[in-house]
Amino acid sequence: MTFTPKFPNFLHGGDYNPDQWLDRPDILDRDVEMMRKAHVNAVSVGIFSWARLEIEDGVYDFTWLDEVIDRLWRGGIHVVLATPSGARPAWMAQKYPEVLRVNEQYQRYHFGGRHNHCFTSPVYRRKVHEMDTRLAQRYANHPAVILWHLSNEFSGHCYCDYCQEAFRGWLKKRYGTLEALNQAWWTSFWAHRYTDWSQVEAPGPMAETSTNGMYIDWRRFATGQCKDFMMAERDAVQAINPELKVTANLMERFWDYDYFSLAEGMDVVSWDAYPMWHSGDDVARAAEFAMNHDMMRSFKDQPFLLMESTPSQVNWKPVNKLKRSGMHLLSSMQALAHGSQSVMYFQWRKGRGAAEQFHGAVVDHDGRDDTRVFKDVTSVGKALEGLRPLYDKEKSPAQACIIYDWSNWWAIDYAQTGQKGNMQYFDSVNMHYRSLWEMGVNVDFRDERECTDLSRYKLVICPMLFMLKESFAQKLRDFVENGGTLLMTYFSGVVDESGNAWLGGAPHNLIDVLGVRATELDALFPEDKQALRMTDGRSFPIHELCEIPEMHGAEGLGAYEEDFYADLPCLTRNRFGKGQAYYLAAKVEQEGLDAIYADIADELELSRAMNQELPRGVIATERGGAVFLQNYSGKAQQVVFEEKYTDMITGAAVEGEHIMPANGVMVLVK
């Protein structure tokens, strides 16, 4: 899919901050020369440039940006142009303090940091619209500009009077009446009933702390405010040139906003990936970031952009380790394998001071273009050029789907049960994903929205689907009845979309589909021993959570080994209609999940990237008929190829026995 019709190629480059170097024209000229040497073809400009663009209220200066964009264009470098709304100038905070956020203690922040602005503030919205309009009028038709980058890493929320009133308005629209709201939030508990809309305030330490439904709705509202703000920016720039697409960069493990919803407001999903490589288990780390890539692809069911990564290290983690030899190319190719149309970096050149002074960059403080990092970046640029034939090719349609829902995530984290405050929804989902990823099975992610269609899949997986909407329960019923295979886990179908417990048993409206009813949930201490014993004698450890199911027609495939529920079912299967439904009642460790999914994948004949055995830690991922073979094992591995291939990166023929180095990667075509 072409997001940038003016330049339909894999993008290679990253965040460029020339406004930090306006006193050094020699450096700016040298930058373009080095970009060409590194096979950089696009840079993101203007992300935090508001103070340079509007030097005081209503006084604009675009001359420096004119020169920068023209210089880049003369050098053959394209521009992803940002709106600078991620950080406002000091003069604005001083003149219009209402643009600054109010925290949970109802204190207004002072100027500083970034994302310290209120999405609801009329003044801030007006100033953002004025800036975005002027930028679009000046640059939307410039031949260098190929994409809009809206703000940067949207985050946070505000408790000011504007936001409180907007929250009440959102609730009125959602519930219609106070009685409906009181019922949804179960406010009879602790005499919390509301009798007037003006009594409702956002939850937090200075207000309501015990109403889960309110917290969940606050998160939904915060998502909506961010989305509305982002779409207002989109509309402002596209009013000038509607053909120029917009993106906004998302983040890994981001909890605050529902990304499925936020993605609806942008043309292109992009995200910022910063794995902590070489921190103990690169296979696990690769599985985590592969999942994130697939989530970004799934949000709009189309390719995405890797907007930020680091060519070397970051500066904000507890341990900022350098990428070892080969890892930069390997991790970059992983993004492409899962659907990225770019490899971009933060940042092109290290700044001399401030917060990210020592954040990794293509060009270090010494300004050299012969460093190890610069050479690694150049190798990625050359590889992307060689992989151009894959640009218009997407991954094959997935046969497996994992349900990952943000409202469900919030509901789990607000629930006071089990491993209280540490239910690890993201990590638990990733364990299920990893089993399929290691087999080379392509996976989509979907949520509980009305538009979600399950009919295209052979296998649907619902890990910890605690919050289950009535309509989605029906979709799961229909999916199984029509021949699909469902795997659902413990802690599923317990509450409705307001966080109130379903009556009549869990998983709600699926007991007959699964052939089991969930009863008690047991939380394990780290030293507790428990295991799943399969009917064939295999045994796999369990940790953290165990649920005790009642059998209602299901077939037992494995039972608990320990404690008072020893020999009770832990893994079951039930035939329903034309399909079947598995229920996994406990958090089985990775080896056990791998065994369960291997059996299911074989039974369903799920398509794999390579139909041959690979060494542990060597992963095959398919895109457009090419196989991205990736070695995350941390050591050299021997692969015996059963077919003949050509490596698109090197052009070399590959067959028979082959030694893949640690952090090695190949892109294979027959």
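Me: How many helices and strands are there in the protein chain?
Reply: Keep in mind that this is a predicted model. Going along the protein chain, the count comes to 17 helices and 26 strands.

Me: What is the radius of gyration of the protein chain, and what does the globule rule give for 670 residues?
Reply: The two values are close, so the chain is as compact as a globular protein of that length. Burial for the protein chain stands at 61% of the 670 residues. As for the numbers you asked for, the radius of gyration is 26 Å and the rule gives 26 Å.

Me: Which kind of aromatic pair do Phe260 and Phe299 form?
Reply: Searching the whole structure turns up 42 aromatic pairs. For Phe260 and Phe299, the centres are 4.8 Å apart with 80° between the planes. Planes over 60 degrees apart count as edge-to-face, and that makes this pair edge-to-face.

Me: How many residues apart in sequence are the parts that Phe260 and Phe299 tie together?
Reply: Both Phe260 and Phe299 are buried. Phe260 sits in helix H9 and Phe299 in helix H10, so their pair links parts of the chain separated in sequence by 39 residues.

Me: Is Tyr404 buried or exposed?
Reply: Buried means under 20% relative accessible area. Tyr404 has a relative accessible area of 0%, so Tyr404 is buried.

Me: Where does Phe426 lie?
Reply: Tyr404 is in the loop between strand S11 and helix H13. Its ring pairs edge-to-face with that of Phe426, at 6.3 Å between centres and 85° between planes. Phe426 itself lies in helix H14.

Terms used: Residues numbered from 1 in each chain as written. Predicted model: local features only at pLDDT ≥ 70, side-chain atom pairs only at ≥ 80, totals over all residues. Heavy atoms only, no water. Helix = DSSP H or I, 4+ residues; strand = E, 2+ residues; numbered from the N terminus. Rg over C-alpha atoms; globule rule 2.2 N^0.38 Å. Buried < 20%, exposed > 50% of the residue type's maximum accessible area, 1.4 Å probe, protein only. Phe/Tyr/Trp six-rings, centres within 6.5 Å; stacked < 30°, edge-to-face > 60°.
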